[in-house]
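Colleague: I would like to go through this model and ask what stands behind the words used for it. Shall we start with the strands?

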Amino acid sequence: MSARPAESVVDGSKASPKELPSIDFVLRDARVQALLAEHGHTLVAAQARALLEALRERARLGQLPREELATDSLQAALRERVEQRLRPRLQRVLNLSGTVIHTNLGRALLAEAALQQLLQTMSGPNNLEFDLARGGRGDRDELVEDLLQTLTGAEAATVVNNNAAAVLLTVAALARGREVVVSRGELVEIGGAFRMPDVMAAAGATLVEVGTTNRTHARDYAQAVNARTALLMKVHTSNYALQGFTSSVGEAEIASIAHEHGLPMATDLGSGALVDLQDYGLPHEPTPREKIAAGCDVVSFSGDKLLGGPQAGLIVGSRAAIERIRRTPMKRALRLGKLTLAALEATLRLYLRPERLAQDLPTLRLLTRPAAAIRALAEQLAPALGEALAPRFGVEALDLLGQIGSGSLPVDRLPSAGLAIAPRQNKGRGRALDELAGALRALPLPVIGRIAEDRLLLDLRCLEDGRDVHAFIDQLPRLRQALA
Ligand SMILES: *Cc1c(COP(=O)(O)O)cnc(C)c1O
């Protein structure tokens, strides 16, 4: 191979493309042979070719230090490439953003019970659609239907891929080719191109807007009903709040107008908590049980927001409405997979023991964590982080305000605490903070904070004692290295 004598390494000379070794030469190295034995020829040879191609390009530009062609460097670079290629793209991160249910960070964390259920039922065949009592074909919805009946008071329930699908399916099943009446103040856009008017169109229904942006009255609904009307609908304004001179009509009143005309009424609850959050010291969030009691024929909500389970759309309501929804062909296209059903069933079962829920359900555990405990953790971690980031950055523990996230209680703030990291030098603060945020994201267990007011804030509400705290501390030497 063309690695040059030591002098050329010392003088920092650059290699020319001609000096690159052949792929066979690289693969003959004893350490690379071990890599081949572990991973096989296909992957290792492909990465060796890619490595040599990248080195050749840099050599052509006169930018390749000759020492990178030493066999030691080559085999180390190849090993790194092979490992990088095998690394999962979807990985665990530490959510220190201050938003507990963060859509970009995978929303609700699964409970231990859900993880165990997944492991136990997914490693072999299972009774997904097999009735063990009768020995015949079963319905996958039945795995969770009675739990949802118990937890919401509804006559029937079905489940689909997510709440967007639940709304689409509800409208398609109950109002295709006909009109759906919705208040102008509730034509929400949820992130990711979910807009009520578009959903109506996709489901083949005609949207009839009533009222105004700030005020809608019962008579607006009543006047909109005609022979083409199929459904009155209320949408929970989950990611914004109307304040000031406003009025909206409650579910009970809309439902009674609908029923007077022999029509069904549906509500899209968005997050939908299965328990009264006030019992746990949190702000009240509407529950499906309240909406069923108010007379809604269909209530839909997400599985991975406040419910604290996997991504899913839960639809509960009257037997007649749920039957129509089940019989719609689109239901088959939107149905839940077995992984989700396993995790959902285990999560819902936790709600049978509400006294234990704040321990057993991570979402509720994180939301109910006392600010004082979070502050104590911040005080405890500040010196170690300060040491890792000195002298470029200063670190202090402080009180913060976080949020629930994912369109739950958009204006409520959760008293929390965390660490504020500020560059010591005024010049280039923005760049220093970006570099710091990048270094945190590049850690083996990436740390996601938020930048606000010229500081990087790490809200510690979601850094749980034990595993998370240890992981955070264990990474500090790497962080120090990365910023050195
Ligand atoms: C979040 C939300 C949805 C979408 O639910 P997904 O489960 O994310 O599909 C629909 N409507 C409202 C009001 C929401 O808040």
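Modeller: Two strands are said to pair if DSSP finds at least two bridges between them. The model is a predicted one, and in it Thr267 stands opposite Val299 in strand 11.

Colleague: How do you know that strand 10 and strand 11 pair?

Modeller: The cut-off is at least two bridges. Strand 10, residues 265-270, and strand 11 have four, in the parallel sense, so by that cut-off they pair.

Colleague: What makes strand 11 and strand 12 a pair, and in which sense do they run, parallel or antiparallel?

Modeller: Five bridges join strand 11 to strand 12, residues 313-317, and the sense is antiparallel.

Colleague: What makes the unit of strand 10, helix 12 and strand 11 right-handed?

Modeller: With the strands pointing away from the viewer, a right-handed crossover runs clockwise from the first strand over the helix to the second. Strand 10, helix 12 (residues 288-293) and strand 11 form a β-α-β unit of that hand.

Colleague: Why is strand 11 called mostly covered?

Modeller: Buried means under 20% relative accessible area. In strand 11, residues 298-302, five of five residues are buried, so the strand counts as mostly covered. Val298, Ser300 and Ser302 point one way and Val299 and Phe301 the other, and all of them are buried.

Colleague: Why is Gly438 called partly exposed?

Modeller: Gly438 has a relative accessibility of 23%. Buried would need under 20% and exposed over 50%, so Gly438 falls in between. Gly438 is found in helix 19, residues 429-441. Between Gly438 and Ala133 there are 305 residues in sequence and 55 Å in space, C-alpha to C-alpha.

Colleague: How much of the whole chain is buried?

Modeller: Of its 484 residues, 49% are buried. The chain has 21 helices and 17 strands, and its C-alpha atoms fill a box of roughly 95 × 55 × 40 Å along the principal axes.

Colleague: What makes the one space a cavity and the other a pocket?

Modeller: In a cavity a 1.4 Å probe fits but cannot get out, whereas a pocket is an open set of points. The whole structure holds three cavities of 30 Å³ or more. The largest cavity has a volume of about 50 Å³, and the largest pocket one of about 1100 Å³.

Colleague: Which residues line the largest cavity, and of what class are they?

Modeller: Among them are Ala273, Val275, Tyr351 and Leu367. Nine are nonpolar, one is polar and none is charged.

Colleague: What makes up the lining of the largest pocket?

Modeller: There are 34 lining residues, with Arg92, Ala108, Leu109, Leu110 and Arg467 nearest the centre. Two or more residues come from each of strand 1 (94-95), helix 6 (112-122), helix 17 (362-367) and helix 20 (467-474). The largest share, four residues, is from helix 17. By class the lining has 15 nonpolar, nine polar and 10 charged residues. Domain 2 (94-103 + 367-483) and domain 3 (112-355) each supply at least three residues.

Technical notes. Residues numbered from 1 in each chain as written. Predicted model: local features only at pLDDT ≥ 70, side-chain atom pairs only at ≥ 80, totals over all residues. Heavy atoms only, no water. 1 Å grid on protein atoms, 1.4 Å probe; cavity = no way out; pocket = protein on both sides within 12 Å on 5 of 7 lines; lining within 4 Å. Points joined across faces, edges and corners; volume = space filled by probe spheres on them. Nonpolar A, V, L, I, M, F, W, Y, C, P; charged D, E, K, R; others polar. Domains from an automatic or database assignment. Buried < 20%, exposed > 50% of the residue type's maximum accessible area, 1.4 Å probe, protein only.
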